[in-house]
Amino acid sequence: MNTALERLWNGMVKENPTFVLMLGMCPTLAVTTSAMNGIGMGLTTMVILALSNLMISMLRKIIPDEVRVPAFIVVVASFVTIVQFLLEAYIPSLNDSLGLYIPLIVVNCIILGRAEAYASKNPIGASLFDGIGMGLGFTIGLTFIGVIRELIGVGTVFGFQVMPEAYEPVSIFVMAPGAFFVLALLTAVQNRVKMSWEKKGKDASRIQSGCSADCASCASGCKGMAGQGGTEA
Amino acid sequence: MNDLRNVSSSPHVRAAESSADLMRWVLIALLPAALFGIWHFGPKALLLIAVTVLVCVASEYLYEKGMHKPVTIADGSAAVTGLLLALNLPVGAPWWMAVLGGIFAIVVVKQLFGGLGQNFMNPALAARCFLLISFAGRLTDFTYDAVSGATPLAAMRAGESVDLTSMFLGTTAGTIGETSAAAILLGAVILLAKKVITLRIPGIYLLTFVIFMALFGGHGLDLSYLAAQLFGGGLMLGAWFMATDYVTSPITPAGQVVYGVCLGLLTGVFRCFGASAEGVSYAIILSNLLVPLIERITIPAAFGVAKAKRGKKA
């Protein structure tokens, strides 16, 4: 149970994929034009991440090392296909607004990164919660970005008018540059908050990491993933 | 102790001018264009200029105070940014837009990248483009004196004829500071005479642009068309006052030539083939981004180092 909580905390706060690991930047920047898109993308990714982590963790002793990345991609792609069909059937509006970015979840570097760095080395339960934690962290990140961009760029939040009538939306915020502004701003804010935690002695990093202290392999795994993700995701 | 020779790091040769002196001359050189804008567009233009200058200086002061950095408002660079931003706005822009632009220019483009000397793009132009993208309708509405006026460039694009004399003098529609080529050239002469800028960047910029327009403008060597393109839009203001910004232009002479050619080509491409009649702002900020690369390929050979050797290494 402890591992589960630790994994959730790790994914949401300590190693938040959006603000700390800076992974999955393509969906982060491209689809967060509204709060709804942000939360939709985040939750979709979370489902796939949790399922693929679970599956890859189960298969971790069967998958040969030499072909692990293709094997991961096959697993992830299967789940993405399933989820896309489900979205198409039950939430077609979300499917339409996310469009091409759903199939692109296959090459999302968070998913491949977690498969490589965590799920392929850790037991099933921990991997599942790692996936959920990372997915929640991603959802939180995307939702925050989406809320702020929608608020400033359109004047609404989740489609509801928030700003007064006279407010003139700063439409650059729903375009690509706005995504960078908001991402940078939120990253700076969360760094500031974590710095003040450290000052108070509530060091978040003191909670035992499940990274098995193997930071080198983790980093190299992430790098490889980022390279692959960067070209496609 | 006084006999000890201090070995300090470069620069070893110092000039008497300071940033503050240079900025003062830029401000003086911008005065004709600003005064003309106020005369032409009325007190609303003065209000906009005052707002942007105040906001720029205030946000520089507040940011530097807040970040515990030395306060550099006395060097006048924030005031220059503010004035340039105002001159790049149409007179119909509401005051809060000027405030937003001023804050964006100073805080996001200048201070977040390290303050004066570190900004990667001209702050005033970046702010103008920020506003232009955000409030496209408002920023391209050049109504003044209750007359909805198309800018000369837009009129030319629509196939109407334009009056060259009024374009040169500046009694046309446009942003506050760009309409009068005469007032801007007067300022440019001041800058050139005080050696604040050299002719290299603006000269090459305008020359490349004229050649490009003669080749692709669709009017051949029609002198009145070329002159109208030169005097129209933000070209004059951009070429003399914003392309020559020390921080965002190359320091190597060869680099300045390359930079000028880039500016001319991009402006020409935007004006000829772009969706809008204007293109100077985007041409300048895009070229600003190319500056580090331009400088890298035009580093002069160090004394005593053969050119061929450098080429091999590179």
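The following dialogue asks how the labels given to this predicted model are reached.

Me: What ground rules apply to this model and its numbering?
Reply: The model is predicted: local features need pLDDT of at least 70, side-chain atom pairs count only at pLDDT 80 or more, and totals for chains, interfaces and linings use all residues. Residues are numbered from 1 along each chain as its sequence is written, while chains are lettered from A and ligands numbered from 1 in the order in which they are written.

Me: How do you know how confident the predictor is in chain B?
Reply: By pLDDT, the predictor's confidence in each residue, from 0 to 100. Chain B averages 87, and 94% of the residues score at least 70. For the complex, the predictor gives an ipTM of 0.79 and a pTM of 0.82.

Me: What makes residues 206–233 of chain A a stretch to treat with care?
Reply: Chain A has a mean pLDDT of 84, with 85% of its residues at 70 or more. Over residues 206–233 of chain A, however, the pLDDT is below 50. The stretch still has 38 contacts in the model beyond near neighbours in sequence; a contact is a pair of residues whose C-beta atoms, placed from the backbone, lie within 7 Å. Where pLDDT is low, the predicted coordinates should not be read in detail.

Me: Which residue classes make up the side of chain B that touches chain A?
Reply: Four residues of chain B are in contact with five of chain A. The chain B side has three nonpolar, one polar and no charged residues. Here Ala, Val, Leu, Ile, Met, Phe, Trp, Tyr, Cys and Pro count as nonpolar, Asp, Glu, Lys and Arg as charged, and the others, Gly among them, as polar.

Me: How many helices and strands does chain A have?
Reply: Nine helices and two strands. Both are DSSP runs numbered from the N terminus: helices are H or I with at least four residues, strands E with at least two. The order is α-α-α-α-α-α-α-β-β-α-α.

Me: Where does α14(B) bend?
Reply: At Leu290(B), by about 45°. The bend is the angle between axes fitted to the seven residues ending there and the seven starting there. Pro292(B) follows within four residues.

Me: Why is Phe158(A) placed in another class?
Reply: Phe158(A) has 14 C-beta neighbours inside 10 Å, so it counts as partly exposed. Its phi is also positive, near 50°. Phe158(A) lies in the loop between β1 (156–157) and β2 (160–161) of chain A.

Me: What makes α5(B) mostly covered?
Reply: Of its 12 residues, 11 are buried, among them Arg128(B) and Phe130(B). The cover includes α3, α4 (95–111), α6 (136–139), α12 and α14 of chain B. In turn, α5(B) is among the elements covering the buried residues of α14(B).

Me: Which residues touch the most other members of the largest nonpolar core?
Reply: Leu48(B), Leu83(B) and Ala86(B), out of 145 residues. Such a core is a set of buried Ala, Val, Leu, Ile, Met, Phe, Trp, Tyr and Cys residues joined through C-beta atoms within 7 Å. Leaving aside neighbours within four places in sequence, the contacts of Ala86(B) include Leu48(B), Ile49(B) and Ile176(B).

How values were computed:
Contact = placed C-beta atoms within 7 Å. Buried ≥ 20, exposed ≤ 12 C-beta atoms within 10 Å, placed from the backbone.
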